[in-house]
Each structure stands twice: as C-alpha cells, then as structure tokens.
Amino acid sequence: MKEDNCLHAALICLVMLYYSHAAATEKLNHTRPSLHGHHEKGKEGQVLHRSKRGWVWNQFFVIEEYTGPDPVLVGRLHSDIDSGDGNIKYILSGEGAGIIFVIDDKSGNIHATKTLDREERAQYTLTAQAVDRNTNRPLEPPSEFIVKVQDINDNPPEFLHENYHANVPERSNVGTSVIQVTASDADDPTYGNSAKLVYSILEGQPYFSVEAQTGIIRTALPNMDREAKEEYHVVIQAKDMGGHMGGLSGTTKVTITLTDVNDNPPKFPQSVYQMSVSEAAVPGEEVGRVKAKDPDIGENGLVAYSIIDGDGMDMFEITTDYETQEGVVKLKKLLDFETKKSYSLKVEAANVHIDPKFISNGPFKDTVTVKISVEDADEPPVFLKPSYIFEVQENAASGTVVGKVHAKDPDAANSAIRYSIDRHTDLERYFVINAEDGNIKTIKALDREEIAWHNISVFAVEVHKQHQEAKVPVAIKVVDVNDNAPKFAAAYEAFVCENARSNQQFITISADDKDESANGPRFIFSLPPEIIHNPNFTLRDNRDNTASVLVRREGFSRQKQDLYLLPIVISDGGLPPMSSTNTLTIRVCGCDSNGSLLSCNAEAYILNAGLSTGALIAILACIVILLVIVVLFVTLKRQKKEPLIVFEEEDVRENIITYDDEGGGEEDTEAFDIATLQNPDGINGFIPRKDIKPEYQYMPRPGLRPAPNSVDVDDFINTRIQEADNDPTAPPYDSIQIYGYEGRGSVAGSLSSLESATTDSDLDYDYLQNWGPRFKKLADLYGSKDTFDDDS
C-alpha cells in the first residue's frame, strides 16, 4: 500500500508538471514570432516575397497511462492571422488523427481521447493546417509536428530466463565468476530512472554474491566442498529506479552445482582382507575383490589396483573393474593344497588422474593386506604323463602286451585307481586294459596296411569315488612286417611289331608294395627259371625299381601267333624277402616302317579272295585321277573373269557412242534412241557390284524418287548424278555417254568451219606460211586468194 501511495503521488506531480509545460507551450505559441521568407527576384527585376509563416511548432508531449476523467490536453494550435472571429478552421491529420487525437477546429486545442502506452508506440506524427471556414481555402501551408508519449515507470524488470543453471568447481577461490544473469525493462531508458536496473541477491548468502550493475554471480566463500554440499539455489532480484523506493522489481532462480575436483585420495575401509580358494580352481578364476573408497566422482574417482609385494605375486594377479571401481584378485597358476596352504599379498589402490593443485592433499593412494587360504579339494586321478605312445608289431598274437599307463590320486587319501578304455575310441575292440595295473594288450591281430595308428583314450577312476575320473590319450603305432609281396604297379598290356628288331625294347614295367619302404623296394625283376632262355623275349633289370622287356628275335607273324604271355618274378628287399609272379600280356601288331602301330587285329590281314593287291591299287589310282580332274575344273571356272556388275540385259552405259558427223541438234532423233538413257533396271534400286561388298546397306535418300519415262533428259541426268554423288555404295561404272545438243535456232550458231573458206573474211592468214611444214595444210586452207590462184 505504501508503494502504491508513493506511485500516485509521483503521477500527480508529473501531471502538474505536464500542465505547466502545456501552458508554457501555449503561451509560446501565442508569442512565437513568425518566420519571414527571403526575397527572390522574378521576371524583369520584380522582387517576389515568400509568404510568411503565421504559426510553427515542432512537438508536443503527453504522459502515458493517464486515466483522468477528462481527455488530456496535448496542446493548442494557433495562427497569428486568426483574429478570433471564427472564420479560421483548424484541421488535424496523420497518425491517430480523429481516433486518438481530436482537435477543436475553432480554438485549435488538441486532446488525447485514449490512454496511451509508450511501450506500444512512443510517438505520433501529425499534420496541422488552417483553412478558411467558408471556402476551405488553405490560409497557411500545412505543418507537421510530433506528439511524444512521455514514459512513466509502469513496467517491472524481466529476466531473460525464468531459471538459470550454472556450474563452478568446488574449492574455487572467492570471487570466481559463476554466471551472469540479465534482466530488461520495457520503460524508456533515456528518460528518468525507469529503466535503470540494480541487481541484488535475495537467497544464496553467504555462499554467493552478485554485482549490482552487471548481474555477475561470484563465489563468496572459500573451499566450498562438493562432498559436503553439491547444489545451491540462489534467487537474484533486478529492481528499476536505480534500486530506490518506488521502483519495480523482478526475480529469477539460479541453480548452481559444484563440480568435482580430485581433492580426496582413495582409502581402504579395512586393513586386511581374508579370501580362500580351492586348489581345484583353474587359472583365470576369480578369488575375491577389494575396494578402496574415493568420494570423488568421474575420472577423479578412478582407482587402479596392483600387487606390490607378498609371497603370492607369482600365483595371483589383480585387475581393475572400472564399472564398480573394485580390484579383482584372480588365480594365475594352479594351486596344490598339499604343497602350500596359504598366501599373502600387499595390494595398492591409486588414483588414475591427479590434480597438481591439490597434490598437497596426497598421497593419492592406499595399501591393504590380502590373505588367501588354499582349500583342499577332492581331485581326480592324475596320469603321470599327459599322453602315451606305444608300438606293437602287426600280426602279433592275441594277448600281446602293448604298454602300461599309470595314474595316482593326488589327495592325501591316495585312493585306489581302476582303468578302462573309452570304447568310442576303439569300436573294433582291438585292445583291452587291465583294470588294476593299467596294462594294455591286443585282442586280435593288427594289420598295418589297414590301420597304421590306433588312437584310444584310457579312463582312470577312483575306486570309492566314481565321479572323480581322469582321461589320457594313448597312441599305438602298428610296426610293419614284410607280409606283402610286390606286384605290377599297373595292369600292363604291351604290343610288339611284326617287323621288330632283335634286342629292341618295347615296354618298361615297375612294381608296387603295400609294406613300408624298409620291407619294399628295392625290387628285383627276373624271369622264372623254366623260361629264362625264352626264345622270343628277354628281361633287363634297370636297378631303379623298374625293368625293361626286350625282343630276343626278329620277325613275328600275327597269322601264326598274335598273343604271348610272359611271366615275370618280382622280389622285394624285406627280411625275409617276398616275391610274386606277374604275367605280362604281349600282342603282336602291324606297324609301319617307323614303328608306329597300325593294327593289332589278326582278321584285318585276311582279304577278299576276289580282289588282288594290284586291283586295289588300280582302283585307288582311278579315284585320285578323278579328284584331280574335278579340282582343275573348279579352279579354271573360278579363274574366269566375271563382269563387275550383273545385268539382266546389256547396259547401254557400257557403250562408247561416237559421232563423227554433225547432227541435227535437238530435233535429230535418228542418231540414237533417247529412251536408252533410262535404265529400267536401275530405276527401282541400285545394281550391286560383284567385286565389292558394301560395308552397309544402301538406303535410298529421302526425296530422290525414280523419274518417270516422260521426264526431261536434263532433270533425269541431274537426278542420276546427285544419286551417284550421295550413294557411298554406288559402283564406279566405266562408261562414257556423249550427248550433242546442236540444231536450228541455237544461240551459239554453227560451230562448223566447212563454210568458212567460201565466205568473205577480213582475217589475214598469210602468217601461216611462216610456221613451217607442219602448218602447211592450214596455210593452204586459210591462205589468201592469191595463194590459191598461184597454186592453181
């Protein structure tokens, strides 16, 4: 209420000031001297006088938000030519005229009929004019003036945002800038203090302060700790009128958050951690976790763990779980309860990121002792070897010992062990194992050529604890013995020519042995003793595991015997050696002189008794002669020259027509038939050449059509020339066509010189007598008459 009373008092004072100003303005208008114009020279030295101005004004003022009972008097217009008899009429026009501003046309008083708001519109431009009331004739030039709306403090300050959010690092120095808040006032900043703002803090002391003129919020207390309090709520006020009483104000809220800095070292909540792990644990298995607490957050709270001492450094390792900030202790190697039952570790936790500003708060690390006890576990049996390899000869008798496996119980109880074979790895049941001592024996004979290696698995199980078992791989190699005789490496089938020469080689053979190389090669080839002196063939051992078969005699006949079977003995290099007899099939074939195979069929030699060799030769000779005749005939026919262009009838363009007499001109139709110039075969298309194949098909050009028979000869020839020029496939016809157009009525006259000798001529051809004997005939024809007379 007190502020409202003050506001009303201020408004009353402003109104009083306004009316005093209006009165002064009116007095000024009445007493303001007129402005006189300057002299101007007119035509013929006449001096013109510019009409003087009777009334001049610039601007009026009206206070905004006036709510009095009567319209507000803005000002009065008056002209010095107004004598007060009412003959002058004042007219007002422009912005707001007649709506907001009205004028008394007799007195010139201007009133504002509506409440004005400077924030909506600060000024209005109006035009006033004095006219004769009766004739509406202007008595004065129109004059423009401005009505300004005078501001009052009717708008409170407003902040740009209703709520602000800001951050500032914890433990910042006093006076650290946090954020700047800004308010605006719609009142006129150029008039009075209505828009002069002053900032103050209503809530948030004593932690923060605000600069009165700029609105910058700063820290006011040192060493504010985020871990104690993280968020603060501050209320800032902006007040106009320079902060004096009666001013309007506005507020805003600012939420200030303290950001974290690394000012706290990690700290273990206890000095010793107790953990336990079973000796059956495998490497990589988690043993336990430790955690050092750090009240900082984000990267300032990151902690890395490491083992710095202890007798378990080789057996354990520690990693950092960055999601939970815990140190994870893991097993590094296998444990043995019977060997060592406990371990001790010294673990350190240290900050990853350290702020040098707060290094004096350190050290930023802490240590703790971790004691780990090993628990005894019921372990499965353990084989003395991770795998076993045994050997046994093939064809060994059933019950032959292959080898022995051994396992023991690592526990203190040292339970008895029973052994068994995993039958999934010995489906054919070649082996059996003694359950008590682990001896492996054969059940049936082994063949290395079928299976060279047997891979089985053996189980070891504690007698009193069937669930505790171990498994070990056992590889059994079947040792080779020489139990396979060598054989031909392939199914050989040889042929020998009837005209083969003595000691001629016709085939090379090799052998194959299923046994290993120690019991196989080298191979020895030989003929059986009973045919070692075979009259037809002999054998040569090449000593490289191959042998060559040779012809012993010359001359074989298919008619007598076309097939021979040669037994060959092959022995291997084993102990004891083994051998086999293999049969080589040899066919007698007909060959040419170079030894190339012609035929191995004995029936081909039996010819028809009705035809002798001479008859066959004669028949072949006749066939060859006939073929030669046909070839010659075709060759001669092709060499015959054919015409380049094929016509159904002879083309007149192939003729050379020569006339040695003078025709009768265009009217002479007896010399040749003009119709022959038109080729009926060529009208409807082009005639192809036989010696040239066009690269692309000729397409008649649009607009060029075959000429009818009644066409004019000149048009016909020009058309054909144009077609030939534009046709890339047109053949170059070798023809000459001569047309003579000379007749009666020709403009050029006769070209003949037959009558020139009988006509009178003014020319003198006597100089031809001096040209020599070559021009004597011309001299005789064209000489002077005297010359002719002399000659006669």
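A: In this predicted model, the largest nonpolar core has 26 residues. Those with the most contacts inside this core are V496, F506, F525, I568 and I586. Two or more residues each come from the strands β36 (493-497), β37 (505-512), β39 (537-541), β40 (546-551), β41 (563-571) and β42 (579-591). Apart from this core lies another, of 25 residues, which includes F268, V303, V347 and V370. As a general point, nonpolar side chains in soluble globular proteins tend to be buried together.

With its neighbours within four places in sequence left aside, I586 is in contact with A494, V496, F506, F537, D562, L563, Y564 and L566.

Next comes Y492, found in the loop between β35 (487-488) and β36. Along the chain, Y492 and I586 are 94 residues apart, yet 9.1 Å separates their C-alpha atoms. Again leaving aside neighbours within four places in sequence, Y492 is in contact with I507, T508, I509, S510, L584 and T585. For S510, the backbone nitrogen lies 3.0 Å from a polar atom of the Y492 side chain.

The side chain of D572 does have a polar atom 2.8 Å from the backbone nitrogen of M578.

Notes
Residues numbered from 1 in each chain as written. Predicted model: local features only at pLDDT ≥ 70, side-chain atom pairs only at ≥ 80, totals over all residues. Heavy atoms only, no water. Core = buried A, V, L, I, M, F, W, Y, C linked by side-chain atoms within 4.5 Å. Buried < 20%, exposed > 50% of the residue type's maximum accessible area, 1.4 Å probe, protein only. Helix = DSSP H or I, 4+ residues; strand = E, 2+ residues; numbered from the N terminus. Contact = heavy atoms within 4.5 Å. Polar contact = N/O pair within 3.5 Å; in protein donor to acceptor, adjacent residues only side chain to side chain.
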